[in-house]
Amino acid sequence: MYAMKFVLLLLPFLIACASAPTATAPARAPSSPSTGPTEFAAQKLRAKGMSPEFLALIQKNYREDQRADVLELNFLGFLKSNKSTGLETIPGWELRRVQKFLKSHKQTFKEAEQEFHVPKEVVASLLWVETRHGRDLGHFHVASALFSITQADYPTLLDGLLDQAKQKAADYDQLMANRIQERARTKSDWAADELMALQELHQKGLKNAEKLHGSFSGAFGMAQFMPSSYLTWAKSDHAKPNLFKADDSILSVANYLSSNGWQGKDRQSQEGALFHYNRDKAYVTHILKMSDCLKHVPALPSKRAKRSTASAPSC
């Protein structure tokens, strides 16, 4: 009887010991982060040294409703590629628009050519292709786009991208899946670095840096510079370049191309500089073709000339 009472007294202790994990069998780590995707991205930014104040600004202004579109456009855009060669005919009306832009900013183009030795036709064509000379600046919130891309390798978001690719691509296979996964890892870290550059712009006094709007990849202004590109290549005759203004955009693009290898008549160096700006061969071909066409467009008619003479031939 006494022995039975003793066993009953020990029973809770024995059960507790049996259920406790042993030192040689640690609990398995969770297969996905215990935090949500936004905190997951915030942790990356803290690790890179982002200030609590700027991180709070990003989170306060975060457009989570744009995240799905941002991720799809950045990581699955290749599925919608029209495989343009850049050799399509350039309409005469586009050449006239670029020609008018050249005339409107004649003095700045002259200054840019003298300092950076990049033809005015190339700079004007690039600014047309990027944003139609400021007519199409993009509607995405820059900081939010970059903050969303920083989340791309969060497990559930990455799984969602892979599911979308599987549904959209008839040739989906493991190679494509690996490509998307690798891009998510590398581009998420790249976006975090761009947010650190945006913080630097904010600290240097760029007004409302955290409220900029631009492309789904986080580029902004007429020249569609990334924050890090602004820090390195933005130019102005004033203290702070404003890439929403034509003159500053002209100088900045010329500086960018010159700094990235543009050389006089060396076509290979010119293609390389443009490819550094946008890694799309069709983009490079299109800009060089447009700039060549502009050199042969008839002069703009005088204001007194009839409107019917204002057209230009396609090229």
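Modeller: Histidine 133 lies in the loop between α7 and β1, where helices (H or I, at least four residues) and strands (E, at least two) are DSSP runs numbered from the N terminus. This is a predicted model, in which local features need pLDDT of at least 70 and side-chain atom pairs count only at pLDDT 80 or more, while totals for chains, interfaces and linings use all residues. Residues are numbered from 1 along each chain as its sequence is written, and side-chain values use heavy atoms, with hydrogens and water left out.

Although histidine 133 is not a glycine, its phi is positive, at about 60°. Arginine 132 is found in the loop between α7 and β1 (140-141) as well, and its phi is near 55°, again a positive value in a residue other than glycine. As to accessibility, histidine 133 is buried, with a relative accessible area of 12%, whereas arginine 132 is partly exposed, at 31%; buried means under 20% relative accessible area, exposed over 50%, and partly exposed in between, with a 1.4 Å probe and protein chains only.

A pocket, on a 1 Å grid over the protein atoms alone, is an open set of points where a 1.4 Å probe fits, with protein on both sides within 12 Å along at least five of seven lines, and its lining residues have an atom within 4 Å of a point. The largest pocket has a volume of about 1900 Å³, a volume being the space filled by probe spheres set on grid points that are joined across faces, edges and corners. Its lining has 47 residues, and those closest to the centre are Phe216, Ser217, Asn278, Arg279 and Asp280. Two or more lining residues come from each of α4 (67-75), α7 (120-131), α10 (174-203), α11 (227-233), α13 (267-277) and α14, with α10 giving the most, five residues. By class, this lining divides into 17 nonpolar, 19 polar and eleven charged residues, where Ala, Val, Leu, Ile, Met, Phe, Trp, Tyr, Cys and Pro count as nonpolar, Asp, Glu, Lys and Arg as charged, and the others, Gly among them, as polar.

The second largest pocket holds about 250 Å³ of space. It is lined by 13 residues, and nearest its centre lie Gln99, Leu102, Lys103, Lys120 and Glu121. The elements giving two or more residues to that lining are α5 (92-104), α6 (106-116) and α7, the largest share, four residues, coming from α6. Five of these lining residues are nonpolar, one is polar and seven are charged.

The aromatic rings come next. Rings of Phe, Tyr and Trp (its six-membered ring) pair if their centres lie within 6.5 Å, and planes under 30 degrees apart count as stacked, over 60 as edge-to-face and the rest as tilted. The whole structure has eleven aromatic pairs. One of them joins phenylalanine 101 to phenylalanine 109, edge-to-face, at 5.9 Å centre to centre and with 80° between the planes; both of these phenylalanines are buried. Elsewhere, Phe225, Trp233, Tyr256 and Tyr277 form one aromatic cluster. Tryptophan 233 is also 9.3 Å from leucine 257, C-alpha to C-alpha, across 24 residues of sequence. Leucine 257 belongs to helix α12 (residues 246-259) and counts as buried, at 0% relative accessibility.

Counting a disulfide as a pair of cysteine sulfur atoms within 2.5 Å, the structure has one. It joins cysteine 293 to cysteine 315, with an S to S distance of 1.9 Å. This pair links distant parts of the chain, 22 residues apart, with cysteine 293 in helix α14 (residues 281-294) and cysteine 315 in the segment after α14. The torsion about the S-S bond is about -75°, so the disulfide is left-handed. Cysteine 293 is buried, with a relative accessible area of 6%, while cysteine 315 is partly exposed, at 33%.
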